[in-house]
Amino acid sequence: QAQLVESGGGSVQAGGSLRLSCAASGFSFSTSCVGWFRQGPGQNREGVASIMHDGSTRYRDSVKGRFSISRDNAKNTVYLQMNSLKPEDTAMYYCAIASLCPPEWSLERTNYPYWGQGTRVTVSS
């Protein structure tokens, strides 16, 4: 069965950078699509970025130009590089994986059957 482990979260000051990692196992990773989602306390979980099997990407408007998602199929790992961080980026960040990802649905949490446990990101002003 699929397992996902996120890492790289932490506490940073506004304007700083952080790189999150999502290591996958038990899945056909190279043909998968992977999404990063985030959820603040009492907030809905929202799609942040996604990457399809062909390397195409999608981003939430609020992170465009600041975040970049990438994948290393040899390492079964997806990364989320976060630059110019803002306090509003503070949340738990979750990695999710699916075997099929229509790009138009790749930032929808219902598209993903497998989820990691999350890694916390805190951005202070």
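Start by selecting aspartate 89 and arginine 38: both are buried, where buried means under 20% relative accessible area, exposed means over 50%, and partly exposed is in between (1.4 Å probe, protein chains only). Before going on, note that this is a predicted model, in which local features need pLDDT of at least 70 and side-chain atom pairs count only at pLDDT 80 or more, while totals for chains, interfaces and linings use all residues. Residues are numbered from 1 along each chain as its sequence is written, and side-chain values use heavy atoms, with hydrogens and water left out.

**Stop 1: the salt bridges**

Keep aspartate 89 and arginine 38 selected and show their side chains. The two meet in a salt bridge, 2.9 Å from N to O; the term stands for a side-chain nitrogen of Lys or Arg within 4 Å of a carboxyl oxygen of Asp or Glu. This pair links distant parts of the chain: aspartate 89 belongs to the loop between β8 (77-82) and β9 (91-98), arginine 38 to strand β4, and they are 51 residues apart. Strand labels such as these come from DSSP runs, numbered from the N terminus, with at least two residues (E) for a strand and at least four (H or I) for a helix.

Arginine 38 has a relative accessible area of 5%, whereas glutamate 46 is partly exposed at 23%.

Arginine 60 is partly exposed, at 31% relative accessibility.

How do these salt bridges that share partners join up? They connect Arg38, Glu46, Arg60, Arg66 and Asp89 into one network. For the structure, the count of salt bridges comes to five.

**Stop 2: the aromatic rings**

Clear the selection and look for rings. How many aromatic pairs does the structure hold? There are four, counting rings of Phe, Tyr and Trp (its six-membered ring) whose centres lie within 6.5 Å; planes under 30 degrees apart are stacked, over 60 edge-to-face, and the rest tilted.

Select phenylalanine 27 and tyrosine 114 to see one of them: an edge-to-face pair, 5.5 Å centre to centre with 75° between the planes. Phenylalanine 27 lies in the loop between β3 (18-25) and β4 (33-39), and tyrosine 114 in strand β10 (residues 114-115), so the pair ties together parts that are 87 residues apart in sequence. Phenylalanine 27 is partly exposed, with a relative accessible area of 22%, and tyrosine 114 is partly exposed at 34%.

Then move to tyrosine 112 and tryptophan 115, an edge-to-face pair at 6.3 Å centre to centre and 75° between the planes. Here tyrosine 112 is buried at 4% relative accessible area, and tryptophan 115 is partly exposed at 25%.

Arginine 45 lies over the face of tryptophan 115, 5.0 Å from the ring centre; a charge sits over a ring if NZ of Lys or CZ of Arg is within 6 Å of the ring centre and within 35 degrees of the ring normal.

**Stop 3: arginine 71**

Select arginine 71, in strand β7 (residues 67-72). What sits over the ring of phenylalanine 29? The charged end of arginine 71 does, 4.8 Å from the ring centre. A polar atom of the arginine 71 side chain also lies 2.5 Å from the backbone oxygen of phenylalanine 29.

**Stop 4: two loop residues**

Finish with asparagine 76, in the loop between β7 and β8. Asparagine 76 is not a glycine, yet has a positive phi of about 50°. Most residues other than glycine have a negative phi. Asparagine 76 is partly exposed, at 28% relative accessibility.

Last, select serine 84 in the loop between β8 and β9. Serine 84 also has a positive phi, near 50°, and is partly exposed at 41% relative accessibility.

Definitions and conventions
Polar contact = N/O pair within 3.5 Å; in protein donor to acceptor, adjacent residues only side chain to side chain.
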